[in-house]
Amino acid sequence: MSISNNILHHIENFTAQRDKELLAFSLLKSIRDILNPIRISILTLNGQDEPIMEISLSNGESCDYRYQDIKVSDSTRASLDYINTWHLDELMKAHDDQYTSFHVLQQSRQLNQYLIITLDNKPSRSESYIIKGMLSIYSNFSSLLADAQTDELTGLMNRKTFEESIIKLYQGSAFSELTDSHTNWIAIIDLDHFKVINDKAGHLYGDEVLIHVSRVLRQTFRQDDMLFRFGGEEFVVLMRNLTRQECADLVDQFRTSVQEIAMHDLEPITISAGICEFLNDTFHITLMDHADQALYYSKQNGRNRITFYDEIVEAGLAKQNNVTHGDIDFF
Ligand SMILES: Nc1nc2c(ncn2[C@@H]2O[C@H](COP(=O)(O)OP(=O)(O)OP(=O)(O)O)[C@@H](O)[C@H]2O)c(=O)[nH]1
């Protein structure tokens with residue numbers, strides 16, 4: 001294959017991806033085919049500069065995804081600090097007959113992502129040029145993908161992304177570190193009497209309330225919790241590795257913080273929530289139905305409260321219509 005056909009093939013390949021991680025993997029594979037590096041990786045750090053994901057490809061080895069125990073060497077840390085201090089897009093370091101180049105893929109207050117390539121020879125001018133071009137295409141496509149996954153008004157993940165995210169959680173390591181007491185949870189959160197807010201103060205004002213509520217969601221929940229705007233005034237939160245009490249405290253803290261949102265002279269804004277345990281062997285549509293029944297109970301019993309699904313089961317108020325993974329093949 002000629003070099004231009006080869007490059008076109010790689011571009012075609014990674015713009016066909018609809019998943020951020022697969023897109024990152026395609027980028028690594030393309031660059032590996034072109035540069036034949038010793039090691040290539042994408043390192044993602046959170047807002048506190050802690051590593052939260054590393055996807056790596058070493059020569060001849062398969063792809064390795066890591067979400068925990070990610071080791072970042074002192075020299076890598078120093079290079080990333082240098083990039084950030086001097087607002088660079090890239091940096092090349094020579095060491096022990098090797099060359100490591102660092103490229104910024106994404107930079108924001110919540111997330112920093114870098115491509116790190118270690119080579120045994122310095123890339124030629126044309127190779128550097130090709131890599132730059134690929135990174136630009138990757139970055140443009142990645143922001144298009146992010147736009148498609150984000151709710152425009154609040155910046156939270158949208159409903160379509162929820163389906164994809166929850167299926168990934170079933171398939172991934174989300175359940176491996178759990179104990180009997182620490183499990184995963186799903187909460188559906190719904191603003192109370194939002195129609196009244198819209199009717200009294202107008203739709204634009206209602207939009208502003210949704211933006212403030214989303215801000216409080218981000219402030220209250222942890223970095224690893226996944227936040228979705230599910231539709232209108234309904235939000236979904238996926239929480240990992242919490243005891244029942246910790247989960248209750250977190251959602252309740254959100255409930256009380258929402259009431260402190262100060263806007264005009266309307267009644268305080270309140271929310272109701274329904275929570276259920278995120279069980280690995282139960283289909284997510286059943287889980288959502290459980291959380292929804294708990295939410296309904298909160299709404300029917302005074303609003304501005306949270307209810308766990310197992311509470312209504314104990315009270316004999318829950319409908320049983322479980323679907324397990326065995327019943328539906330969704331992969
Ligand atoms: N401002 C604004 N309003 C929205 C948006 N999406 C949905 N809504 C409104 O949200 C309101 C939801 O009303 P209902 O479903 O009756 O719920 P509610 O008034 O919150 O009542 P309860 O949930 O029973 O407490 C409707 O008036 C919708 O028009 C949006 O993006 N912006």
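Modeller: I begin with the domains, whose centres, taken over C-alpha atoms, are separated by 35 Å for domain 1 and domain 2. The model is a predicted one, in which local features need pLDDT of at least 70 and side-chain atom pairs count only at pLDDT 80 or more, while totals for chains, interfaces and linings use all residues. Residues are numbered from 1 along each chain as its sequence is written.

Colleague: What are the bounds of domain 1 and domain 2 in the domain assignment?

Modeller: Domain 1 covers 3–148 and domain 2 covers 159–314. Such bounds come from an automatic or database domain assignment.

Colleague: Why are β7 and β9 said to be joined?

Modeller: Two strands pair if DSSP finds at least two bridges between them. Strands themselves are DSSP runs of E with at least two residues, helices are runs of H or I with at least four, and both are numbered from the N terminus. Seven bridges join β7 to β9 (residues 234–242), so these antiparallel strands meet the criterion. Within this pair, Ile189 stands opposite Phe235.

Colleague: How do you know that β8 and β9 pair?

Modeller: Five bridges link β8 (residues 226–231) with β9 in the antiparallel sense, and Gly231 stands opposite Glu234. A hairpin of two residues joins β8 to β9.

Colleague: What makes the largest nonpolar core a core?

Modeller: A nonpolar core is a set of buried Ala, Val, Leu, Ile, Met, Phe, Trp, Tyr and Cys residues joined through C-beta atoms within 7 Å. Buried means that 20 or more other C-beta atoms lie within 10 Å of the residue's own, with exposed at 12 or fewer and partly exposed in between; C-beta atoms are placed from the backbone. The largest such core has 40 residues, and those touching the most other members are Ile186, Ala187, Ala273, Ile275, Ala291 and Ala294. Strand β7 (residues 183–191) supplies the largest share of this core, six residues. Another core, of 17 residues, lies apart from it and includes Leu27 and Leu115.

Colleague: Which residues around the ligand come nearest?

Modeller: Of the 16 residues around the ligand, Asp192, Phe194, Lys195, Gly206 and Gly232 come nearest. A residue is near a molecule if its C-beta atom, placed from the backbone, lies within 6 Å of it. Helix α7 (203–220) gives the most to this shell, with four residues.

Colleague: How do the residues of the shell around the ligand divide?

Modeller: There are four nonpolar, five polar and seven charged residues. Asp, Glu, Lys and Arg count as charged, Ala, Val, Leu, Ile, Met, Phe, Trp, Tyr, Cys and Pro as nonpolar, and the others, Gly among them, as polar.
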